[in-house]
Amino acid sequence: MVTSAVPATGTTSLPVLVSKSDTKPTWCPGCGDFGVIAALEMALKRLKIPPHETVFVSGIGCSSNLPHFLNTYGFHGIHGRALPLAEGIRWANHGLHVIVTGGDGDGFGIGAGHFVHAMRRNVKITYVTMDNEIYGLTTGQASPTSTMGAKTKSTPAGVIEHPINPIALALASGATYVARGFSGDVKQMADLIAGALQHEGFAFVDAFSPCVTYNKLNTFDWFRQRVYKLESAGHDPSDITKAFARAQEWGDKIPTGLFYKTDRPTYEDLEEVLQAGPAVKQPCGLVGKESILDEFL
Amino acid sequence: MVVPTTPNGYVCSAASSDPMPEITVRTGGAAGDGIASVGDVLGRSLSRMGLHVFGLNAYQSVIRGGHVWFQARASTDPIYSQGDQADVLFALNKETAQIHLPTMNAGSTIVYDPEKFDLADSELPVGTKKLAVPTLAIARKYSTQSILQNAAGMGATAYLAGIPLSVLQQTLSDSFGKKKGDVADWNIGAAGDGYRFAEKNSGANDHAVSPVGAPKPLMTGNQAIALGAAAAGCKFYVAYPMTPASTILHWMAAHAQQLGIVVKQAEDEIAVVNMAIGASFAGVRSMCATSGGGFALMVEGIGMAGMTETPLVVVESQRGGPSTGLPTKTEQGDLNMMLGAGQGDFPRAILAPSNPSEAFQYTVKAFQLAEDWQTPIIVASDFHLSESIMTVDRAEIPFPGPIPSLYTVESNGGEYRRYAYTESGVSPRALPGQPGLQFKAGSDEHDERGHLISDVLSGVPIWVAERAKMMDKRMRKLEGLRTAGPVPNLEGPANSSLSFVAWGSTVGAVRDAMRLLNAKGVTTNLVRIPQVYPMATGILVPMLTQAPKTLLVEANYSGQLGHLIRAETGIDLRNRFLKYDGEPFAPMEIAQRALEVLHNGH
């Protein structure tokens with residue numbers, strides 16, 4: 001029931017492609033996240049995914065502000081909880097393209113539990129993490145992917161915990177599309193994100209996205225000196241054992257590209273109720289189903 | 001183990017003072033004995049006779065062993081609680097006899113099997129009879145499964161209660177559903193044997209009730225909540241298992257395909273509330289349910305629903321706290337948490353049904369309020385309401401059409417303001433997928449368009465003013481909610497000597513206590529606050545101020561509703577009957593306390 005129309009303040013044609021919104025990014029100049037948003041916009045444009053059928057979902061952190069900067073629907077939720085929020089959106093309307101963006105603290109720290117479960121469910125969501133190995137918005141504390149020994153405000157004597165390996169964790173948790181990008185290579189990242197958006201299942205793209213303000217260790221240069229492309233190394237992304245082996249590589253050589261891709265029914269494929277179409281478009285209520293009361297007799 | 005006892009000095013018993021034809025049967029044994037099944041069949045047989053039924057299932061948080069009992073009370077008149085003393089007791093072990101014999105009515109009968117335990121006449125309270133039924137011998141006729149003794153004892157109990165054998169056997173048969181075959185036949189046979197044994201050997205049958213009309217639906221509070229959600233158009237239900245909310249999940253899961261509801265068990269309650277909010281944001285009616293521990297985890301998400309103005313229905317079925325507390329016992333100790341859930345201020349409402357009929361109605365209402373006011377609505381249940389069974393009248397649970405969406409919009413190409421300032425505080429709501437209305441729902445403070453102002457606020461006058469305006473807009477919804485839900489009402493004569501004040505499941509025992517008092521010539525009434533928050537103080541205050549005396553009855557330690565009433569109205573309810581031992585209130589103890597207050601209270 002439409003009870004209220006939008007007051008007209010001007011007549012503009014509806015945007016048909018995803019582009020920047022009128023909100024300017026709040027990231028520091030030179031932030032790796034600019035490369036990620038450029039790659040996202042590029043991939044969405046290439047696939048001609050309409051902005052009104054796209055929902056960006058995020059938690060809290062510098063990178064989690066991203067939904068505000070594009071002309072799509074967006075839900076900027078609470079810290080670490082973007083994935084369950086996105087899953088709920090998918091199950092209510094699986095006609096929507098749902099993309100989750102966030103940082104390493106949001107996704108692998110406070111949100112680690114949801115990360116694992118979203119992947120084993122194989123919900124059709126594209127999850128792009130802007131992994132900068134630091135907490136930026138809270139001004140420079142250690143993150144779950146901070147390097148051992150890294151000195152931060154919360155670890156002045158150096159980190160004494162082994163970092164999480166997001167790629168290996170994704171492979172172990174049942175993600176069906178696992179990739180790594182680097183903000184220093186927007187074209188490669190756009191290709192990986194486009195592949196993720198087209199993938200029927202949970203697609204994870206861990207994007208190295210250097211923090212130019214608080215992480216003086218894992219800088220653009222640091223990554224540039226180390227990254228190499230899996231496809232140029234002849235990696236077979238259908239082989240999970242080899243994907244696990246590549247995921248262990250760190251140090252002088254760090255692989256980027258598609259680690260693993262496989263086909264498995266999505267949660268939406270297996271949820272019986274959704275076979276009748278998106279829940280939001282289905283009938284609801286009990287009118288005509290009064291006989292259900294008989295079971296209480 | 002605490003069971004209903006006769007309060008010291010209270011002269012009347014339910015049986016002698018109360019003229020209404022009613023019966024209370026109790027059955028008890030160890031966990032794993034199938035007590036709940038026996039109780040369910042007895043209760044359901046009584047409801048099929050057209051009687052009003054209330055059934056209480058008392059169990060411990062163990063799967064095997066421990067003491068378990070079930071009480072079914074039935075009456076030709078409406079009843080609102082499990083009552084007090086029992087007329088027939090079927091004891092599967094000696095412990096049950098020892099615990100429950102002291103709480104039997106005069107003229108009552110205990111059914112037991114001497115092959116299982118001895119029961120000397122000297123152990124019986126004056127006026128209580130025993131009926132020795134060879135339940136194990138009957139069971140052996142059919143099978144080596146001793147569990148059939150239940151059916152035999154149930155048959156004898158049913159005879160004493162006045163349940164026709166045909167009704168009992170049909171109910172028993174139906175309880176096996178599609179799993180017919182030998183086991184069902186054995187049970188039906190053993191129940192018949194027990195029934196006929198009692199018929200032949202019990203002598204005078206003082207307590208028997210008779211069929212009075214068409215069968216009445218019998219359901220738990222949780223089933224009523226689930227049914228209400230389905231009726232309101234719920235399309236997404238999500239939960240993490242937690243007693244006593246889990247049976248909502250069970251009902252929803254069992255009916256998911258039939259009713260077209262997406263039902264999800266999530267990894268924790270944080271995921272639960274976020275999934276529910278996500279689904280609601282995308283346009284479906286969604287609900288989640290939990291108990292106190294899970295609700296504590298949902299708190300941040302509930303605040304996000306308030307901030308992003310996303311409809312949300314959360315059921316909080318309370319159990320004894322604090323912490324893990326009393327998982328299978330009742331309490332109303334989470335009101336403070338529901339009131340305070342979330343950082344900062346945002347509008348919310350808390351509805352507190354007292355019985356399954358209201359659980360259905362208030363759940364439908366909760367969906368309507370959530371949709372109309374775009375904010376979280378909490379349905380407060382508790383173990384006693386969630387897990388007790390009670391008959392409902394069909395007329396009390398009408399199925400509405402799905403709750404309509406209000407304040408929707410369509411694009412005309414102009415600028416869309418998702419959080420536009422309005423008089424009511426409610427703004428036009430677009431759903432993802434609608435062209436030209438893209439907006440951002442933000443948990444940060446935002447302006448009318450949903451743009452963050454949190455990051456740029458620091459003292460800039462325009463944004464400082466914007467923040468205050470946006471808070472005012474949201475909080476205007478709280479004023480609208482104050483009278484949008486069920487408002488306080490007075491039950492009973494206006495000019496009474498005492499006014500009870502109660503909420504939630506406690507209301508049932510108060511209603512029955514009022515009738516006990518009435519039978520003694522003491523007229524009382526009940527100030528009922530069905531929507532606990534926000535409180536319709538304009539309606540409530542005159543009710544409270546005209547009462548000569550009040551008695552607040554709550555199942556918690558600190559009198560949380562009393563505190564809220566004082567905060568909202570300035571009225572201090574000084575006579576308080578607070579119970580926090582995990583057991584539900586019984587009518588007699590409330591009546592007793594009322595008499596004390598009338599003599600000595602404030």
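In the predicted model, I99(A) has T126(A) as its bridge partner in strand β4 of chain A, strands being DSSP runs of E of at least two residues and helices DSSP runs of H or I of at least four, numbered from the N terminus. The two residues belong to a parallel pairing of strand β3 (residues 97-103) of chain A with β4(A), which extends over five bridges; strands are taken to pair if DSSP finds at least two bridges between them. Six bridges join β4(A) to strand β6 (residues 203-208) of chain A, again in the parallel sense, and here D131(A) stands opposite F208(A). Strand β4 (residues 126-131) of chain A has six of its six residues buried, so it is largely enclosed by the rest of the structure. A residue is called buried if 20 or more other C-beta atoms lie within 10 Å of its own, exposed if 12 or fewer do, and partly exposed in between, with C-beta atoms placed from the backbone. From β4(A), the buried residues T126(A), V128(A) and M130(A) point one way, whereas Y127(A), T129(A) and D131(A), also buried, point the other way.

Residues are numbered from 1 along each chain as its sequence is written, while chains are lettered from A and ligands numbered from 1 in the order in which they are written. Because the model is predicted, local features need pLDDT of at least 70 and side-chain atom pairs count only at pLDDT 80 or more, whereas totals for chains, interfaces and linings use all residues.

The contact between the chains takes 60 residues from chain A and 68 residues from chain B, two residues being in contact if their C-beta atoms, placed from the backbone, lie within 7 Å. On the side of chain B that touches chain A, the largest share, nine residues, comes from α10(B). By class, this side of chain B has 34 nonpolar, 21 polar and 13 charged residues, where Ala, Val, Leu, Ile, Met, Phe, Trp, Tyr, Cys and Pro count as nonpolar, Asp, Glu, Lys and Arg as charged, and the others, Gly among them, as polar. Strand pairing also crosses between the chains: strand β2 (residues 73-76) of chain A runs parallel to β15(B) and is joined to it by three bridges, with A441(B) as the bridge partner of F75(A).

Chain B is divided into domain 1 (14-201), domain 2 (218-396) and domain 3 (489-600), with bounds from an automatic or database domain assignment. The C-alpha centres of domains 1 and 2 of chain B lie 33 Å apart, and 14 residues of domain 1 are in contact with nine residues of domain 2. To the side of domain 1 of chain B that touches domain 2, β2(B) gives the largest share, six residues.

Within chain B, seven strands form an open sheet of mixed pairing in the order β9-β8-β10-β11-β13-β12-β19. Strands β9 (262-265) and β19 (531-533) of chain B stand at its edges, each with a single partner strand, so one side of each is left without a neighbour in the sheet. Strand β12 (residues 349-351) of chain B pairs with β19(B) in the antiparallel sense over two bridges, and I350(B) has Y533(B) as its bridge partner.

A further open sheet of chain B, also of mixed pairing, comprises five strands in the order β16-β18-β17-β20-β21. In this sheet, β17 (residues 498-502) and β20 (residues 550-554) of chain B pair in the parallel sense over four bridges, T550(B) being the bridge partner of S499(B).
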